[in-house]
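Here are some notes to go with the model, written for someone opening it for the first time. Have it on screen as you read.

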Amino acid sequence: MSLELATAGESHGPALVAIVSGLPAGLVLDRAAIDEDLRRRQQGYGRSPRQRIERDEVEVLAGLRHGRTLGTPLALVVWNRDHRNWTWGMSPWPPEGEPQGKGAKPVTLPRPGHADLAGVQKYGLADVRDVLERASARHTAVLVAAGAVAKALLAQIGVAVSGAALPEAGADPAAVDAARADRDTLGGVVEVRATGAPPGLGSYARKEDRLDARLAAALMGIQAVKGVEIGDGFALARVRGSEAHDEIVRDERGLRRTTNRAGGIEGGVSNGEEIVVRAAMKPLPTLMRPLASVDLATGEPASALVERSDVSAVEALAVVAEAAVAWELARAAREKFGGDALEDFVAAWRAYVERIDWAPRGA
Ligand SMILES: Cc1cc2nc3c(=O)[nH]c(=O)nc-3n(C[C@H](O)[C@H](O)[C@H](O)COP(=O)(O)O)c2cc1C
């Protein structure tokens, strides 16, 4: 039994959609908790005015009855309120009437750092809009909704996941103000921590099973993430082995580590310590003072597209990264503990942690 996630949706299309399959039956979902994560994703200093238009809320179309999962695919929808300004430009069917509203004119000025140029080349498109609408990070909204569902499942086995931006670069309001004044953008670093994960999530058996590889792919799968670190990550490359590894001791609560430089994962398997991962975000590519580009319609040098855009989205990334890590941990937990009914899943977890005589720190 594994969790699967399929998503669809364009940035200014009618809606963003996610289908989550592999949930056990009987999991209670809290609509307010999902909406709160959607709200958190829209916050952060340096976001664009788009966030004032969108007030993201989740709608559930299938897989839930009276707030409990049915064990069937869960269909989540987040409507794009801004679509009302793009009904002609982003009409799924051939639009009727004269071109009007946003998105009516083709975009031919690819932005360095975005998917624009490679996308039109790859898919044989003439309008960069056909690329950027999906390449945009707007659809991370439904990933956050799916992550909130994953967090509800993880809570049943005592796992809690939280993400935060490190207080530097794009998470420093003064730096954001300065970048905005220069019509520039910033990136930053986010950190996600998961407490309560038992030893044994993931496996060294195959590279695709490795929890570190899965978390790295999940984080790298988010727009603008260009680096991922597990535990002390890159810093480990610069110290000796005696300073890099986490010694094993036994105390009254069982086998423990004196440090956690590995970030809770060894050999691709969670080791029972806190899971700690970081992701580096590049500065956002849409600049109000645009970089050099070429007009694809004329072949002449031109400035890149300028479109409403964030100065920094690192605090939003923290929420998206939290959701991605929660999703991957929930998927690993489903693989390990299985169960069609929630109580079977929880019973398998309980039997396992009793067998290995493990309890989370602070329990
Ligand atoms: C939460 C979030 C918000 C983002 N907002 C913007 C934005 O407003 N403007 C922009 O140019 N890029 C934004 N990005 C980054 C782009 O989507 C991303 O750089 C682009 O799709 C190219 O992909 P790559 O950076 O992964 O290569 C955002 C990314 C995230 C995670």
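**Notes on the model**

1. Let's start with the ligand. The residues of the shell around the ligand split into eleven nonpolar, eight polar and two charged. Keep in mind that this is a predicted model. In total, 21 residues surround the ligand, and A137, Q223, T286, D310 and A313 are the closest of them.

2. On the α1 side, the contact is made by D37, R40 and R41; on the α8 side, A316, V319, V320 and A323 take part. By type, the contact of α1 with α8 has four nonpolar residues, three charged and no polar ones.

3. Next up is helix α5, which covers residues 140–155. Is α5 enclosed or open? Of its 16 residues, 14 are buried, so the rest of the structure largely encloses this helix. Its length works out too: at 1.5 Å a residue, α5 should span 22 Å, and its end C-alpha atoms are 22 Å apart, which agrees.

4. Now a buried loop residue. S11 sits in the loop between β1 (4–8) and β2 (15–21). S11 counts as buried because it has 22 C-beta neighbours inside 10 Å, and the cut-off for buried is 20 or more. Which residues does S11 touch, leaving aside its neighbours within four places in sequence? The contacts are E133, S136 and R138. L132 belongs in this picture as well: L132 is 121 residues from S11 along the chain, yet their C-alpha atoms are separated by 8.1 Å.

5. For a contrast, go to R65 in strand β5. R65 counts as exposed, since it has 11 C-beta neighbours inside 10 Å and the limit for exposed is 12 or fewer. R65 is twelve residues from I53 in sequence, and the two are 30 Å apart in space, C-alpha to C-alpha.

6. R52 is placed in helix α2, residues 50–53, and counts as exposed because it has 9 C-beta neighbours inside 10 Å. D82 lies 30 residues away from R52 along the chain, and the C-alpha atoms of R52 and D82 are separated by 9.9 Å.

7. Finally, two backbone angles to check. Most residues other than glycine have a negative phi. H66 is not a glycine, but its phi is positive, about 55°. Where is H66 found? H66 is in the loop between β5 (64–65) and β6 (68–70), and with 6 C-beta neighbours inside 10 Å it counts as exposed.

8. The other angle belongs to D357, which also has a positive phi of about 55° although it is not a glycine. D357 comes in the segment after α9 (342–355). Is D357 buried or exposed? With 9 C-beta neighbours inside 10 Å, D357 counts as exposed.

Note on methods. Residues are numbered from 1 along each chain as its sequence is written. This is a predicted model: local features need pLDDT of at least 70, side-chain atom pairs count only at pLDDT 80 or more; totals for chains, interfaces and linings use all residues. A residue is near a molecule or strand if its C-beta atom, placed from the backbone, lies within 6 Å of it. Ala, Val, Leu, Ile, Met, Phe, Trp, Tyr, Cys and Pro count as nonpolar, Asp, Glu, Lys and Arg as charged, and the others, Gly among them, as polar. Two residues are in contact if their C-beta atoms, placed from the backbone, lie within 7 Å. Helices (H or I, at least four residues) and strands (E, at least two) are DSSP runs, numbered from the N terminus. The expected span of a helix is 1.5 Å times one less than its number of residues.
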